[in-house]
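Subject: Structure handover and notes

Hello,

Please find the structure below for your own work.

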Amino acid sequence: MSDFVTAYAPASIGNVGVGFDMLGLALSGAGDRVQARRTDGDSVTVAEVRGLDGELHPHLSTKADENTASIAAQALWDVHGDAGGVELKVLKGLPLQSGMGSSAASAVAAAVAVNALLPSPLAVEELLPFALEGEKYASGGIHADNVAPSLFGGLVLCPEVLLPEIIRLPTPAGVSAVLLYPDLQVNTAQARKALPKSVSMKLWLDQQGLLAGFIHACASDDIELIGRTLRDVIIEPHRKDAVSCFDDVVAAAMRVGALGCTLSGSGPSIFALCKDSDAANIASVMEQECRAGGTACQSWVSSMSAPGAHIEA
């Protein structure tokens, strides 16, 4: 058996408010690690899953067909692996059902780690379909808005109609992302079922206009336009009530200078974009407001150009 290689994949902000299922942003400071090594077996196995405390994870399965890491790894190995098998160790740095791309990060880290074991490793762009297989198990569909930014880093446009092609978007100078994780859980698959099956043409046009304006604002460093366009008029109204502190946290962030503030993915995490100079204060105020409502929390401040997944030395 060979030595383990370790891959790290960062957390991500799905939807980024304006781009449901098609816009994602990598987040530095939090993520998952997957260790992989070749074995004499004939498939991908999971030796263990551990949490941040170093203990065996109480909720995640080590069954190869029930873990996003091993599902992604097996998909890659089936197509490009040679003789033998692969053993994984999953080191979870992200809370489950957090709106931080937890399942995606494990899938991405596994794909990157196993890729390093191949006789001829693939280019990073070629790993996306395999990581998506893992994410599909968790979310019930092909949604790349967490997988793609975790894999590639930065701000990524990844509508299903274009997959496996994605578009890496420019990010604005001087703008940071602040993410608050309240100690709550929101099941992504269940949250999707609560969404309306149809919306009015007016709402659809409004959201498309906001998405187009937001992308242009990021590309042109137009901070004022970011503030006008970072809004979700379709999804947020149906999801925010699942996060008890949402309205208070958003109001507090906007009072102290956030450009916009809304759910990360399906929640419960809440993110804001802001000027770099305001980020630390906004993170503090969001935490204070969340705790004032009786919910424990933690926050991260990240560049909008955070790096994607990589092999650790």
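Helix α1 (residues 68–80) and helix α2 cross at roughly 35°, and their axes come within 7 Å. Axes here are lines fitted to C-alpha atoms, for helices over the stretch in contact, with angles running from 0 to 180 degrees between N-to-C directions. Helices (H or I, at least four residues) and strands (E, at least two) are DSSP runs, numbered from the N terminus. The crossing of α1 and α2 is right-handed; a crossing has that hand if the near helix is turned clockwise from the far one by less than a right angle, and is left-handed if anticlockwise. On the α1 side the contact (heavy atoms within 4.5 Å) uses Thr-68, Ala-69, Ala-72, Ala-73, Leu-76 and Trp-77. On the α2 side the residues are Ser-103, Ser-106, Ala-107, Ala-110, Ala-111, Val-114 and Asn-115. By class this contact has nine nonpolar, four polar and no charged residues. Ala, Val, Leu, Ile, Met, Phe, Trp, Tyr, Cys and Pro count as nonpolar, Asp, Glu, Lys and Arg as charged, and the others, Gly among them, as polar.

The model is predicted: local features need pLDDT of at least 70 and side-chain atom pairs pLDDT 80 or more, while totals for chains, interfaces and linings use all residues. Residues are numbered from 1 along each chain as its sequence is written, and side-chain values use heavy atoms, with hydrogens and water left out.

α2 (residues 102–115) also packs against α3 (residues 128–139), at an angle of about 155° with the axes 8 Å apart. The two helices are therefore roughly antiparallel (angles over 145 degrees; under 35 is roughly parallel, 65 to 115 roughly perpendicular and the rest oblique). Their crossing is right-handed. Ser-103, Ala-104, Ala-107, Val-108 and Ala-111 of α2 meet Ala-131, Gly-134, Glu-135 and Ala-138 of α3. Six of these contact residues are nonpolar, two polar and one charged.

Next, the pocket and the cavity. Both come from a 1 Å grid over the protein atoms alone: a cavity is a set of points where a 1.4 Å probe fits but cannot get out, a pocket is an open set with protein on both sides within 12 Å along at least five of seven lines, and lining residues have an atom within 4 Å of a point. Points are joined across faces, edges and corners, and a volume is the space filled by probe spheres set on them.

The largest pocket holds about 700 Å³. It has 35 lining residues, and those closest to its centre are Gln-97, Ser-103, Ala-138, Ser-139 and Thr-188. α2, α3 and α5 (188–193) each give two or more residues to this lining, and α3 gives the most, with four. The lining divides into nine nonpolar, 19 polar and seven charged residues.

Finally, the backbone. Most residues other than glycine have a negative phi, and most peptide bonds are trans. Leu-163 and Pro-164 are joined by a cis peptide bond with omega about 10°, and Pro-164 sits in the loop between β5 (155–157) and β6 (167–169). Another cis bond joins Gly-267 and Pro-268, with omega about 5°. Asp-21 has a positive phi, near 65°, in the loop between β1 (5–14) and β2 (23–39).

Regards
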